[in-house]
Amino acid sequence: MSKNKVLQPNFKISFLLPKYWLTWIGVFILYSISWLPYRLQLGLGRLVGRLLYKIGGSRKKAAETNLKLCFPDMSAGERDRILIENFKNTGIALFETGMGWWWPDWRAKRKVKVVGLEHIKSAQQQGHGVLLLAMHYLTIEFCCRGIGYSNPMVVFYRPHNNELMEYFQFRGRGRSNKYMLGKRDIKGMIKALHEGETCVYLPDQDYGRNRSLFVPFFNVPDAASTTGTLIFARQPNVKSHMVIPTRNDDGSGYTIEIMPALENYPTDNDQNDVIRINQELEKAIMRKPEQYMWLHRRFKTRPNKSDPSLYK
């Protein structure tokens, strides 16, 4: 067990102030729904997703733009199908948050199957730290909880801006894992890897201009892609593995697949290494593209500040 000291958010009396009342109402509703039968929650999630699709808004436009940019040769009909299914999965993800945060262990365990766990065990037996490279599948909230039962992890994450939501998020995600590290705690992550921990990092989104290279991602030739992965992957005795968390089509639960360690990675060439990770992400996303988080403005940062936005 790592000796990292992690500041866990504690309950505050200020959480009872009026500015948090709407948050409390939302949490109460989500908690209550989490006790419903699993398949019923899937159905409710699809209904919510359809409603979100009808409402539209900036997130729908971002998803439409992302699909057009990434798959210009795909028929408009197929892109529309993926978009509609993606919104249904977004609705389901809302309820999966409640499941991940509040389901009892016995209920969460029986919905998750982890494939490829032997790759982690082999690396650890050889004295390596393990860097799991994930992507923002909409199932990530529940699967983060689910994988922890087989292999408790250190999770590198973005704290919630709402302090009350952060209180619930931190505890929910940490129920089956070791501890959480905020996105700025790079030293803490490096220390955990040196201590042989399994650590999770998500390199698939646009994190801005700092520590990024503009390299291809799907059919966008100049997508801002983080070099943060290399800070961790280049640590001594670290093995890097892709991990793919998907929801089963038959409604039976979730499959989390841990891939073998990436061969000949990392190298001493930043650009080639970042391109390599983007290519691995593309393959993982194409497993179930309708379950990926297309609502994020993945290509918002342009190579030059004067370049026009791709989302206008």
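Start with the second largest pocket. Its volume is about 200 Å³. It is lined by 13 residues, and those closest to its centre are Arg-46, Asn-89, Arg-247, Asp-249 and Gln-291. Keep in mind that this is a predicted model.

Which helices supply the lining of this pocket, with at least two residues each? Helix H2, residues 38–55, and helix H4, residues 76–102. H4 gives the most, four residues.

How many cavities of 30 Å³ or more turn up in the whole structure? One. The largest cavity holds about 50 Å³. Around it sit Asn-66, Cys-70, Phe-217, Tyr-292, Met-293, Trp-294, His-296, Arg-298 and Phe-299.

On to helix H7, residues 140–147. Seven of its eight residues are buried, so the rest of the structure largely encloses H7. The buried ones are Glu-141, Phe-142, Cys-143, Cys-144, Arg-145, Gly-146 and Ile-147. Note that this list includes Glu-141 and Arg-145, and both count as charged.

Last, confidence. Mean pLDDT for the protein chain is 94. Of its residues, 98% reach 70 or more. Where does pLDDT stay under 50? Over residues 1–5. For that stretch the model has 12 contacts beyond four places in sequence.

That's the tour. Over to you.

How values were computed. Residues are numbered from 1 along each chain as its sequence is written. This is a predicted model: local features need pLDDT of at least 70, side-chain atom pairs count only at pLDDT 80 or more; totals for chains, interfaces and linings use all residues. Side-chain values use heavy atoms; hydrogens and water are left out. On a 1 Å grid over the protein atoms alone, a cavity is a set of points where a 1.4 Å probe fits but cannot get out, and a pocket is an open set with protein on both sides within 12 Å along at least five of seven lines; lining residues have an atom within 4 Å of a point. Grid points are joined across faces, edges and corners, and a volume is the space filled by probe spheres set on the points. pLDDT is the predictor's confidence in each residue, from 0 to 100. Contact means heavy atoms within 4.5 Å. Buried means under 20% relative accessible area, exposed over 50%, partly exposed in between (1.4 Å probe, protein chains only).
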